Structure formats: structure tokens, C-alpha cells
Amino acid sequence: MKQQLAQITLVVENYDEAIRFYTEILQFELVEDTRISDTKRWVVVRPQGSETKLLLAKAANEKQASRIGNQTGGRVFLFLHTDDFERDYQNLLQHEINIIRGPVDEPYGRVLVFEDLYGNLWDLIQPS
């Protein structure tokens, strides 16, 4: 049996600001941006070279909106592997992205924790 995680939903406040953050700052690829209705779009991004994608889903009600920026109760939510830690670290600094912890060297690689535009926590990791 073969399985893979294809897509993860990330609840966002605004489609366009989320697209800008992920494509211009994190340098993800915009895979799809399809209008479904006057208020709903199907917006998919992914890291360069990755098969796993993020569905940027605008909160449709108060319950969903309450989860923006805290989908995992304050834990690191997503893990972004890189082939060049220093390049990506400098990019985060250049864009004044809030670095929560690190960078540090761990047995599994070089890592730091940063916040996305809504406060979700990410690990940036260059594996050993």
C-alpha cells in the first residue's frame, strides 16, 4: 500500500494577503486560484519542489475564524524542510518575520521556529 499526504487546509482571514505571504515571502508556488462563488475561492500553494500542498481556506464563520493563527493550540503546526537554511533564514529576517526560537543545531538538523502572517508556528529545518 502507498499513501501520501497531498493537501492540508490552513484557515486564513483573507485570500489575497495569504497568497502574497506564501508566494512573495515564503516563495511558495501558487498552484491554483479558482473562484467558486462571490465569497469562496479554491486557493492552493506549495513549497517549491514539494508534492504536499496547502489549501488556503478563508474562514466562513465565527468558529472557523477563531482558529485562524492557532489551529494547533499553540504548538508548531507545519514543518518546512529546506536545502539552504541560511538563505531561507535571511529571507525571513529581511521580511521581518517573527522568529520565535532559534536558529539552533539539533541532532536532526538546523532549525528555527517562526510565525506566519496569522501567528501559526512553523519549523524551518535543514535536515542533517
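**Before you start**

The model is predicted, so to speak of local features a pLDDT of at least 70 is needed and side-chain atom pairs count only at pLDDT 80 or more, while totals for chains, interfaces and linings use all residues. Numbering starts from 1 along each chain as its sequence is written, and side-chain values use heavy atoms, with hydrogens and water left out.

Helix and strand names below follow DSSP runs (H or I of at least four residues for helices, E of at least two for strands), numbered from the N terminus.

**Stop 1: the nonpolar core**

Select Tyr22, Leu26, Phe28, Leu54, Leu56, Phe114 and Trp122. Of the 28 residues in the largest nonpolar core, these touch the most other members. Such a core is a set of buried Ala, Val, Leu, Ile, Met, Phe, Trp, Tyr and Cys residues joined through side-chain atoms within 4.5 Å. Buried means under 20% relative accessible area, exposed over 50%, and partly exposed in between (1.4 Å probe, protein chains only). Now colour helix H1 (15–25) and strand E4 (53–58), which are among the elements giving two or more residues to this core. H1 gives the most, with six residues. In soluble globular proteins, nonpolar side chains tend to be buried together.

**Stop 2**

The structure holds six aromatic pairs. Rings of Phe, Tyr and Trp (its six-membered ring) pair if their centres lie within 6.5 Å; planes under 30 degrees apart count as stacked, over 60 as edge-to-face and the rest as tilted. Tyr22 and Phe28 make a tilted pair, because their planes meet at 40°, with ring centres 5.7 Å apart. Phe114 and Trp122 are stacked, at 5.8 Å centre to centre and 20° between the planes. Tyr22 is buried at 0% relative accessibility, and Phe28 is buried at 5%. Phe114 is buried at 0%, and Trp122 at 3%.

Stay on Trp122 and show its contacts (heavy atoms within 4.5 Å). Leaving aside neighbours within four places in sequence, these include Val76, Leu78, Leu80 and Leu112.

**Stop 3: the largest pocket**

Select Leu26, Leu80, Thr82, Arg87 and Asp88, which lie nearest the centre of the largest pocket among its 16 lining residues. On a 1 Å grid over the protein atoms alone, a pocket is an open set of points where a 1.4 Å probe fits, with protein on both sides within 12 Å along at least five of seven lines; lining residues have an atom within 4 Å of a point. The volume is about 280 Å³, taken as the space filled by probe spheres set on the points, which are joined across faces, edges and corners. Helix H3 (85–94) and strand E5 (76–81) each supply at least two lining residues, and H3 gives the most, with four.

Asp88 lies in H3. Asp88 counts as buried, at 16% relative accessibility. Beyond its neighbours within four places in sequence, Asp88 is in contact with Thr82 and Leu124.

**Stop 4**

Most residues other than glycine have a negative phi, and most peptide bonds are trans. Go to Gly102 and Pro103, joined by a cis peptide bond with omega of about 10°; Pro103 is in strand E6 (residues 99–106). Next pick Gln27, a non-glycine with a positive phi of about 65°, in the loop between H1 and strand E2 (29–35). Finish at Glu96, whose phi is also positive, about 55°, in the loop between H3 and E6. Glu96 is exposed, at 71% relative accessibility.
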